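Reader: I have a structure to read and would like to go through it by asking questions. Please show it first.

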Amino acid sequence: MRNKLLIAAAGIGLLLGAVPAWAHHAFAAEFDVSKPLVLKGTVTKMEWINPHAWIHLDVKNPDGTVTSWMIEAGAPNGLLRRGFTKNSLPPGTEIVVEGWQAKDESTRANGSNITYPDGRKLFIGSPGTGAPGDKGGDKDK
Amino acid sequence: MADGKPNLTGLWQAMGTADWDIEDHSAQAGPFFQLGAIGAIPPGQGIVEGGEIPYKPAALEQKKKNFANRFKDDPEVKCYMPGVPRAAYLPYPFQIIQSPKDILFAYEYATTNRLINMGKPLEAATDTWMGTSNGHWEKDTLVVDVTGFNGNAWFDRAGDFASDSLHVVERYSLIDANTMNYEATIEDPATFTRPWKINVILYRHREKDARLLEFKCVEFTEQLLYGDLVRKSNSENPGK
Amino acid sequence: MNQRTFLWMSALGVVMAMAPISSVVGQTASQTSAKSGKSSADPKTPWGDPDIQGTWTSDDTWGVPFERPKQFGNRATLTEDELKERAKNIEHNEEFVESGGANHSPAKAQIDAKEKGEAPPPPPQGRFGRGVDAAPVPGHWGEFARRASHQSSQIVDPPDGRLPPLTPEAQAKLDAKMKLRRDPLPASWANWSIYDRCISRGVAGSILPVIYGNGLEIVQTPGYVAIRYEMVHDVRIIPTDGRPHLNSNIRSYMGDAVGRWEGKTLVVETTNLLPDRLSIGANGDGGAPYSEDMKITERFTRVSPNTINYELIVDDPKTYTAPWKVAFPITQEPGYKLFEYACHEGNMAMHNMLSAARAEEKKKAGGDAGQK
């Protein structure tokens with residue numbers, strides 16, 4: 001009886017609420033799940049705005065030309081509460097964005113995974129506070 | 001108040017037409033002749049000390065561009081937040097709630113609101129529409145220091161603007177129980193040749209049961225902002 | 001667990017549900033001191049009203065199901081084991097946020113599979129599940145509970161923790177709304193929620209916990225309590241001077257609120273709501289749009305320096321066949337502050353989603369759909 005109860009409890013969303021995952025619109029309304037991409041480029045601007053933050057990225061194409069991309073990220077206020085600020089992703093930073101391309105415009109994408117070129121993840125944890133094990137945050141700190 | 005400070009709590013509103021143009025202006029036509037006199041712009045005495053805004057030459061050119069495109073580019077047309085100091089002289093009321101700790105300003109327009117931090121000053125984490133407000137008392141005057149603007153708000157419907165290095169210092173002081181003097185010092189070395197001031201009188205609403213209403217104007221801008229993206233085969237109104 | 005132990009635990013659960021829900025397995029609630037007043041047990045403002053001021057968040061109830069899963073029956077609280085399980089999940093969330101979590105790159109996995117000529121991997125099941133429509137932006141953008149809630153659901157009345165049946169009228173409105181939401185090629189902004197349109201989340205939607213933005217500030221002055229919500233920058237000015245509601249011809253998204261003190265509890269009644277737009281649920285969109293008869297009653301009771309017990313009673317006979325109640329604690333957290341959430345000003349998603357729909361239609365029609 002006890003085991004059954006536990007299994008039932010774990011399986012029926014006891015731990016996760018019935019609220020939809022992303023607080024608002026479906027990803028599929030904006031982005032094309034059949035067009036995954038990886039973009040490596042230089043940040044020209046980071047807009048810490050709601051409902052989505054936007055990273056402006058200059059990507060060098062194989063032929064040497066540069067394309068300006070707009071990457072949709074999450075809502076910033078949770079990150080701001082962890083100590084990130086407008087200086088946490090300064091222009092000039094090189095990043096790698098993995099995500100999916102927009103359905104209607106070729107130079108917009110959703111950024112599901114954003115890292116520094118060395119693989120360190122961006123926006124994880126709290127920004128450079130010098131704490132032991134601190135991984136994310138300002139590159140120049 | 002118990003701490004000896006004047007209580008600014010109340011429903012306040014500026015009179016005059018500063019939101020149309022903070023400088024002196026004559027009556028003029030509006031964008032739609034179909035609205036006749038209702039759609040026209042009334043005259044107004046300016047609220048800028050000294051009369052003229054001290055724009056740098058390049059900024060003055062930008063202001064003129066803004067003016068020429070004002071019925072399209074004014075953030076107020078799109079129901080965007082008004083920024084500071086424009087929020088103080090919009091033609092709509094705002095409520096001040098003064099607690100012993102912090103002071104809340106709630107504006108009827110677009111449900112804009114901001115909390116004035118009266119404790120240790122905090123730095124702006126990001127640039128925002130209403131900026132980051134730190135306040136303190138100088139005798140009986142509430143002084144609010146606002147920084148961290150995103151440079152997107154205008155000062156009025158005439159295209160007056162500033163950049164994201166704008167710094168505003170507001171001063172609120174009661175002239176009598178029902179009248180408040182509002183003064184703001186505007187500083188932005190990227191846009192103006194020197195700091196300058198505006199001065200507005202705020203009047204307390206004294207109607208029985210006067211209370212802050214809600215003017216959520218976003219839905220009145222959707223046709224404007226997204227109308228060309230609506231499925232054309234929709235025969236009925238795209239919706240409320 | 002034998003029958004007797006189960007009953008004992010249920011009884012305990014009832015008692016626990018009524019007690020302040022502020023402790024957690026392995027963690028204790030922070031002990032920030034009271035703001036003002038003579039005793040920290042019942043802080044008062046200088047003019048003598050109970051002091052409920054501060055920045056509060058419903059983060060701790062994020063993850064608690066809104067409606068109680070049927071298996072719980074009338075049991076409002078978790079068993080010790082269930083609580084431990086929930087606490088483990090919360091720790092996992094914290095680790096995930098601090099360390100970078102699982103190597104979550106479904107986009108890269110798709111690309112790698114294609115290069116290898118393999119079948120694409122199944123749609124990403126982020127930590128919130130549900131495939132591609134779930135958040136492909138990883139969870140570290142979100143906010144989490146700090147303590148495991150004892151509750152089996154957010155709804156505490158009716159006793160089974162589930163919504164009372166809808167009226168036929170309300171069901172029809174809900175069906176019509178879901179049809180709009182599910183249209184894969186949305187016609188206009190009206191297909192989306194009042195929240196997605198950056199207008200409001202309403203009274204309940206502004207406090208029911210979601211994946212971020214669960215903070216609110218309470219500011220008091222003689223004769224008023226004001227509540228300011230981070231998302232979507234809504235504010236309510238609640239007079240406590242006994243004045244009547246506005247005339248019913250003036251309606252709004254947040255309604256007209258009047259408050260009174262009952263002992264140390266602030267009771268707020270809200271009427272004058274705009275009908276047929278918002279519903280009572282997460283982000284103001286999780287249910288049937290309510291009618292002009294909706295009356296929302298809330299109770300705020302500060303039970304410790306950093307906990308307010310919050311109740312929300314929903315009463316709209318045109319929508320629900322019986323009133324119902326949600327209850328959970330909201331807490332103060334060290335360093336937690338609100339930031340501006342200017343939504344409409346940056347709502348590129350609305351433009352982009354409509355633009356995507358029109359582009360898809362054009363593609364389907366072979367490019368001659370007549371759309372520009």
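Reader: Which residues does Ile227(C) touch, not counting residues up to four places away in sequence?

Author: This is a predicted model, in which local features need pLDDT of at least 70 and side-chain atom pairs count only at pLDDT 80 or more, while totals for chains, interfaces and linings use all residues. Residues are numbered from 1 along each chain as its sequence is written, and chains are lettered from A and ligands numbered from 1 in the order in which they are written. Two residues are in contact if their C-beta atoms, placed from the backbone, lie within 7 Å. With residues up to four places away left out, the partners of Ile227(C) are Leu216(C), Ile218(C), Val235(C), Arg236(C) and Ile238(C).

Reader: How many residues has the largest nonpolar core?

Author: A nonpolar core is a set of buried Ala, Val, Leu, Ile, Met, Phe, Trp, Tyr and Cys residues joined through C-beta atoms within 7 Å. A residue is buried if 20 or more other C-beta atoms lie within 10 Å of its own, exposed if 12 or fewer, and partly exposed in between, with C-beta atoms placed from the backbone. Ile227(C) is among those with the most contacts inside the largest core, as is Leu104(B). The size of that core is 157 residues.

Reader: Which element gives the largest share of the side of chain C that touches chain B?

Author: Here 42 residues of chain C are in contact with 39 residues of chain B. Strand 3, strand 4, strand 5 and helix 6 of chain C each supply at least two residues of that side; helices (H or I, at least four residues) and strands (E, at least two) are DSSP runs, numbered from the N terminus. The largest share is 5 residues, and it comes from helix 6 of chain C.

Reader: How far apart are the end C-alpha atoms of helix 6 of chain C?

Author: The expected span of a helix is 1.5 Å times one less than its number of residues. Helix 6 of chain C has 17 residues, so it should span 24 Å. The distance between its end C-alpha atoms agrees: 24 Å.

Reader: What covers the buried residues of helix 6 of chain C?

Author: The buried residues of this helix include Met350(C), Leu354(C) and Arg358(C). Their cover includes strand 4 of chain A and helix 3 of chain B.

Reader: What percentage of the residues of chain B count as buried?

Author: Chain B has 3 helices and 9 strands. Of its 240 residues, the buried share is 39%.
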